[in-house]
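These are my notebook entries on a single chain, kept in the order in which I looked things up.

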Amino acid sequence: MTLDQFRPWAEKGLSPFVRAADSLGLSPDGVSVIAFGCAVAAGVAFGLAPPSESPLAYVAGSVLVFANGWLDLVDGALARAQGTDSSGGDLLDHVLDRYADIAVLVGLAAGVGRYGIGLAAVTGVLMTSYLGTQIQAVGIGREYGGLLGRADRLALIGVGGVVAAVVPGPLVAGLGVVALLLVVFAVVGHFTAVQRFWGAWSELN
């Protein structure tokens with residue numbers, strides 16, 4: 001988790017967006033839903049075609065991924081500004097974040113036809129999140145440790161989509177930028193899940 005530690009600095013630039021959302025009559029839950037819509041649209045854009053055939057779709061997907069990440073900050077800031085932050089809103093935000101992760105990763109895998117790697121990436125990301133909440137459920141506390149947090153993944157996908165549009169061909173072992181990103185998410189995700197499990201297991205026993 002590297003970018004997550006810069007969250008306090010990022011939140012300093014949220015004020016104009018929070019004011020805009022508030023003036024439009026949006027609720028924090030509404031912003032969360034819009035953020036989720038951006039992620040689904042990004043997944044569709046990524047899945048439309050390989051980058052060699054539709055580079056603009058990859059650029060559009062990258063922009064939508066960045067929008068999802070930014071709005072994911074705005075909804076929390078808006079809730080605090082309106083005094084409406086709640087456990088229900090936090091639950092909705094986390095659920096939509098997981099579905100957003102699935103939508104984006106499935107879109108990336110579909111666009112390059114790498115469904116096996118995509119499945120490994122999706123399960124790695126979901127297991128990382130699951131272990132974090134399950135560790136909290138057994139009374140140890142919420143676990144956020146890991147090599148790549150959600151902010152890092154979104155940043156890599158956003159930048160990777162643009163790079164894939166410019167360099168669409170294979171780079172390593174016949175894998176292009178997108179496939180290599182999925183491999184990284186799969187390996188790091190499952191490694192982090194096992195790491196979290198082992199740490200919790202050791203503490204409980």
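Predicted model: local features only at pLDDT ≥ 70, side-chain atom pairs only at ≥ 80, totals over all residues.

I began with Asp22, which lies in helix H2; helices here are DSSP runs of H or I with at least four residues, strands are runs of E with at least two, and both are numbered from the N terminus. At 42% relative accessibility I noted Asp22 as partly exposed, a class that sits between buried, under 20% relative accessible area, and exposed, over 50%, with a 1.4 Å probe and protein chains only.

Residues are numbered from 1 along each chain as its sequence is written, and side-chain values use heavy atoms, with hydrogens and water left out.

I then looked at Ala20, also placed in helix H2, and found it partly exposed with a relative accessible area of 35%. From Ala20 to Leu78 I read 9.9 Å, C-alpha to C-alpha, for two residues 58 apart in sequence.

Next came the aromatic rings, where I took rings of Phe, Tyr and Trp (its six-membered ring) as paired if their centres lie within 6.5 Å, calling planes under 30 degrees apart stacked, over 60 edge-to-face and the rest tilted. The count by this rule is 3 aromatic pairs. One of them is Phe17 with Trp70, an edge-to-face pair at 5.5 Å centre to centre and 75° between the planes. This pair links distant parts of the chain, since Phe17 belongs to helix H2 (residues 15-23) and Trp70 to helix H4 (residues 55-82), 53 residues apart. Both partners are partly exposed, Phe17 at 44% relative accessibility and Trp70 at 28%.

I turned to charged side chains, counting a salt bridge when a side-chain nitrogen of Lys or Arg is within 4 Å of a carboxyl oxygen of Asp or Glu. There are 5 salt bridges by this rule. Which partners does Arg150 have? Arg150 bridges to Asp72 with the closest N and O atoms 3.4 Å apart, and because Arg150 lies in helix H7 and Asp72 in helix H4, this pair ties together parts 78 residues apart in sequence. Arg150 also bridges to Asp97 at 3.7 Å between the closest N and O atoms, a link from helix H7 to helix H5 (residues 87-112) across 53 residues. With Asp101 the closest N and O atoms of the bridge are 3.0 Å apart; Asp101 lies in helix H5 and Arg150 in helix H7, so that pair joins parts 49 residues apart in sequence.

I checked burial for these residues: Arg150 is buried at 12% relative accessible area, Asp101 is buried at 6%, and Asp72 and Asp97 are buried as well. I also recorded a network of salt bridges that links Asp72, Asp97, Arg98, Asp101, Arg150 and Arg153.

For the interior I used nonpolar cores, meaning sets of buried Ala, Val, Leu, Ile, Met, Phe, Trp, Tyr and Cys residues joined through side-chain atoms within 4.5 Å. The largest such core has 23 residues, and Phe46, Val104, Leu108 and Ile157 are among those with the most contacts inside it. Helices H3 (28-48), H4, H5, H6 (115-137), H7 and H8 (177-204) each give two or more residues to this core, the largest share, 6 residues, coming from H8.

Finally I consulted the UniProt record, an unreviewed entry that places the feature "transmembrane region" at residues 30-49, 56-79, 99-132 and 153-171; its positions are in the numbering used here, feature names are shortened, and annotations may be inferred rather than shown by experiment. In the model, residues 30-49 are 95% helix and 0% strand, with the end C-alpha atoms 30 Å apart. Residues 56-79 are 100% helix and 0% strand, with the end C-alpha atoms 34 Å apart.
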